[in-house]
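Colleague: Please take a close look at the aromatic pairs for me. Keep it brisk, and give the cut-offs as you go.

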Amino acid sequence: MRVAVECQSPLLQKSLELFLSKYLSASKKCDIIVRDEECLGDSRCFYIGSDANADLVKPFSKSQLILALEKRYEELYGSSEKAEDEAIKEEYFEEDDSMDFSILEKRIEFLTQEYQANILRAVKAFYEK
């Protein structure tokens, strides 16, 4: 997932750049553009605002942002993510905003598996050269 950030608010711009540092990309090469103003006609646009029609309502946490962007990415481009990761996202986006530890444990487990896969890929790439 490649994300570009184009916000009018310098504070929100910098915060999003810090939150999304590993996903940042140029506007022309990105999959999703995060903005603090509504944009019509661009399916890649992800709107963050205070009103109810925003894709993500302020205030939000880093994990809420990443999960919402992953959900949007999947809607736009499809994804080959594991079924358990999909279940985590569905649980997280329920109407009830309270987050219990089982969801957190599942998310940590998913991230650990993803991290392990990345390390194995790096080691294999190193020894295949």
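Modeller: Rings of Phe, Tyr and Trp (its six-membered ring) pair if their centres lie within 6.5 Å; planes under 30 degrees apart count as stacked, over 60 as edge-to-face and the rest as tilted. This is a predicted model, where local features need pLDDT of at least 70, side-chain atom pairs count only at pLDDT 80 or more, and totals for chains, interfaces and linings use all residues. Residues are numbered from 1 along each chain as its sequence is written, and side-chain values use heavy atoms, leaving out hydrogens and water.

The structure holds 2 aromatic pairs. Tyr73 and Tyr77 have ring centres 5.1 Å apart and planes at 40°, so this pair is tilted. Both sit in helix H2 (residues 62-77), 4 residues apart, which puts about one helical turn between them. Helices here are DSSP runs (H or I, at least four residues), numbered from the N terminus. Tyr73 is partly exposed at 22% relative accessible area. Tyr77, at 41%, is also partly exposed. The cut-offs: buried is under 20% relative accessible area, exposed over 50%, partly exposed in between (1.4 Å probe, protein chains only).

Phe126 and Tyr127 pair edge-to-face, with 5.1 Å from centre to centre and 85° between the planes. Phe126 and Tyr127 are both exposed. They also belong to a nonpolar surface patch with Tyr115, Ile119 and Val123, with about 610 Å² of accessible area together. Nonpolar side chains (Val, Leu, Ile, Met, Phe, Trp, Tyr) are joined within 5 Å, like charges within 9 Å. Areas come from the Shrake-Rupley method with a 1.4 Å probe; for residues, only the protein chains shown count as cover. Val123 lies in helix H4 (residues 101-128). At 40% relative accessibility, Val123 is partly exposed.

Technical notes:
Helices (H or I, at least four residues) and strands (E, at least two) are DSSP runs, numbered from the N terminus. Patches are made of residues with over 30% relative accessible area and no salt bridge: like charges are joined within 9 Å, nonpolar side chains (Val, Leu, Ile, Met, Phe, Trp, Tyr) within 5 Å. A salt bridge is a side-chain nitrogen of Lys or Arg within 4 Å of a carboxyl oxygen of Asp or Glu.
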